[in-house]
Amino acid sequence: MAMASTGTNALCATLFFFLLNIVYCTKFDYDFVTCGSALKILNSAHNARLHSHDVKYGSGSGQQSVTGVDSSDDHNSYWQIKAKTGAVCTRGNPIKCGQTVRLTHVATKRNLHSHHFQSPLSRNLEVSAFGENGEGDEGDNWVVVCNDKYWSRNEKVRIKHVTTEYYLHMSGDTYGRPIHGQREVSAYPSPSDLNYWQAAEGIYVKPTEAKSRRTTSDDDDEEDDDDGEDPSQQRRHSDIDHDEF
C-alpha cells in the first residue's frame, strides 16, 4: 500500500509540474494583435463573431457572404491579419492604430471586402468576402481605428473601410434560410456602438524576443519584409511562438 501511495503521489506531482509547464510555456504576455495572427473578431454589441462561408449573396454583388455567428467554436470564423493590398508586413509585428490591413478568411482565402452595393437586410453597404487565394483589390483594405499606439487584444476597436469610409457594422438583423439565425454584417456611415469589435479566440503570432525589446520607434511598418505566413496550414508548436485559447 505504501509503495502504491508513493507511486500515486509521484504521478500526481509529475502531472502537476507537466501542467504547470504547459501554462508557463503557453503564457502569452504580449497584448497586441500582430501581423500574421489568425483570430476571431467579436462584435461587442451582439456578442457575435465575424464569419464567412462558401455561400453567395442572392442579391447585390453575388459575392461570398459575410455574417455574424453566436458560436465561439465555428472554424469558419477565423481571419488572418495581413498588410494592405500590394504591401507586406513582418510576421509578429503589432498592428498600429490607424494602420491599413486586409483580413483574409482562413477557410476560403477570400478577403473582407466592401463596395457600394446595398446590404440585403439593413440596406447599409454590403460586406462580402472577395478575391482568390488572398488576392483581391483595393476594396479589401480596412483601417483599424483605436486610441492607443497599437491594436490591443483587450480593447474595443472600429474597423473602417478605406474606399467607402464606412465602418464594419452589425445591426442585429438576422437571415432566414439557408443561413438561418446568422446576423447580417454590413458597412455603416458613422461610428456607433454597433460597430465596436474586439479580438477574441485565435492563434496570435508573437514578435521575436529581440524585436519585443526594441523601442517603438524601431517597429517595422507594413511595407517591410514579407511574412510568408499561411495560417491554414498546420504548424508544429516549435515553428512559431503563438497563443491559442
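Author: Buried means under 20% relative accessible area, exposed means over 50%, and partly exposed covers what lies in between, with a 1.4 Å probe and protein chains only. Helices (H or I, at least four residues) and strands (E, at least two) are DSSP runs numbered from the N terminus. The model is a predicted one, in which local features need pLDDT of at least 70 and side-chain atom pairs count only at pLDDT 80 or more, while totals for chains, interfaces and linings use all residues. Residues are numbered from 1 along each chain as its sequence is written, and side-chain values use heavy atoms, with hydrogens and water left out.

Next come the partners of E5. Two strands pair if DSSP finds at least two bridges between them. Strand E4 (residues 79–83) pairs with E5 in the antiparallel sense over five bridges, and in this pairing Lys82 stands opposite Arg102. Strand E8 (residues 142–145) is also antiparallel to E5, joined to it by two bridges.

Rings of Phe, Tyr and Trp (its six-membered ring) pair if their centres lie within 6.5 Å; planes under 30 degrees apart count as stacked, over 60 as edge-to-face and the rest as tilted. By this rule there is one aromatic pair. Phe32 and Tyr150 form it, tilted, with 5.1 Å centre to centre and 55° between the planes. Phe32 is in the loop between helix H1 (2–26) and strand E1 (38–43), and Tyr150 is in the loop between E8 and strand E9 (158–161); the two are 118 residues apart, and the pair links distant parts of the chain. Tyr150 is buried at a relative accessible area of 9%, whereas Phe32, at 24%, counts as partly exposed.

Two other rings carry a charge, which requires NZ of Lys or CZ of Arg within 6 Å of the ring centre and within 35 degrees of the ring normal. Arg153 lies over the face of Tyr204, 3.9 Å from the ring centre, and the charged end of Lys156 sits over the ring of Tyr196 at 4.7 Å from its centre.

Contact means heavy atoms within 4.5 Å. Ser192, in the loop between strand E11 (183–188) and strand E12 (197–205), is buried with a relative accessible area of 18%. Apart from neighbours within four places in sequence, Ser192 is in contact with Arg158 and His169. His116, by contrast, lies in strand E6 (residues 111–118) and is exposed at 62%. Not counting residues up to four places away in sequence, His116 touches Leu125 and Thr164.

For the whole protein chain, the secondary structure comes to two helices and 13 strands. Of its 245 residues, 45% count as buried. Among contacts with a separation of 6 or more, 69% are between residues 24 or more positions apart.
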